[in-house]
Amino acid sequence: GKPYKDAQHGQEMPGPITESKVGYVNLQGDWLYYIDWINGESTHRINLSNNEIERITKDACDGTYVTDEYVYYYNSGDGKRLYRMDLNGKHKTLIGK
């Protein structure tokens with residue numbers, strides 16, 4: 001489905017945050033992380049304050065989990081092995097074999 005922001009008191013129903021079909025949605029600070037099912041099943045993030053979208057993995061993902069420091073995901077193209085990277089998509093590390 002498409003994620004939506006909550007309507008504020010007195011406002012009309014807001015539009016979707018992104019027009020893409022998404023899954024595995026995680027919120028961390030001002031960023032909403034998700035797998036974009038339309039654009040290569042890779043992990044993206046959108047800044048909720050300015051709607052800037054960044055693709056943070058080139059890999060097709062089968063699950064994403066975000067903590068205070070890292071994004072964890074299963075790489076579909078690599079036997080669903082578990083990887084960890086910084087919140088901005090840098091320093092990708094294989095952590096599960």
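Modeller: β2 pairs with strand β3, residues 42–47, in the antiparallel sense over 6 bridges; strands here are DSSP runs of E, at least two residues long, numbered from the N terminus, and two strands count as paired if DSSP finds at least two bridges between them. Within this pair, Tyr34 stands opposite His44 of β3. The model is predicted, so local features need a pLDDT of at least 70 and side-chain atom pairs count only at pLDDT 80 or more, whereas totals for chains, interfaces and linings use all residues. Residues are numbered from 1 along each chain as its sequence is written, and side-chain values use heavy atoms, with hydrogens and water left out.

The β2–β3 pair belongs to an open sheet of 4 strands in the order β1-β2-β3-β4, with antiparallel pairing. Its edges are β1 (22–28) and β4, each of which pairs on one side only. On average, neighbouring strands of this sheet are turned by 25° against each other, direction ignored; the axes are lines fitted to C-alpha atoms.

In the loop between β2 and β3 sits Ile38. Ile38 counts as exposed because its relative accessibility is 57%, where exposed means over 50%, buried under 20% and partly exposed in between, with a 1.4 Å probe and protein chains only. Apart from neighbours within four places in sequence, Ile38 is in contact with Ser20 and Lys21, contact meaning heavy atoms within 4.5 Å. The C-alpha atoms of Ile38 and Lys21 are 6.1 Å apart, although 17 residues separate the two along the chain.

β5 and β6 run antiparallel and are joined by 4 bridges, with Cys61 opposite Asn75 of β6 and a hairpin of 3 residues connecting the two strands. β6 and β7, also antiparallel, share 6 bridges; Tyr73 has Tyr83 as its bridge partner in β7. The hairpin of β6 and β7 has 5 residues between the strands, and there Gly79 adopts a positive phi near 65°. β6 has a covered face of Val71, Tyr73 and Asn75, and an uncovered one of Tyr70, Tyr72 and Tyr74.

Val71 and Tyr73 also belong to the largest nonpolar core, which has 11 residues, including Trp31, Tyr33, Cys61 and Met85. Such a core is a set of buried Ala, Val, Leu, Ile, Met, Phe, Trp, Tyr and Cys residues joined through side-chain atoms within 4.5 Å. β2, β5, β6 and β7 each supply at least two of its residues, and the largest share, 3 residues, comes from β2. Beyond its near neighbours within four places in sequence, Val71 is in contact with residues including Tyr33, Ile56, Tyr83 and Leu87.

Asp59 lies in the loop between β4 (53–55) and β5 (61–66). With a relative accessible area of 16%, Asp59 is buried. Its side chain makes a polar contact of 2.8 Å with that of Lys92; the term denotes N or O atoms within 3.5 Å, one able to donate a hydrogen and the other to accept it within protein, where residues adjacent in sequence count only if both atoms are side-chain atoms.

As to confidence, the protein chain averages a pLDDT of 85, and 80% of the residues score at least 70; pLDDT is the predictor's confidence in each residue, from 0 to 100. Over residues 1–9 the pLDDT is below 50, and this stretch has 25 contacts in the model beyond near neighbours in sequence. Where pLDDT is low, the predicted coordinates should not be read in detail.

Key. Axes are lines fitted to C-alpha atoms, for helices over the stretch in contact, and angles run from 0 to 180 degrees between N-to-C directions.
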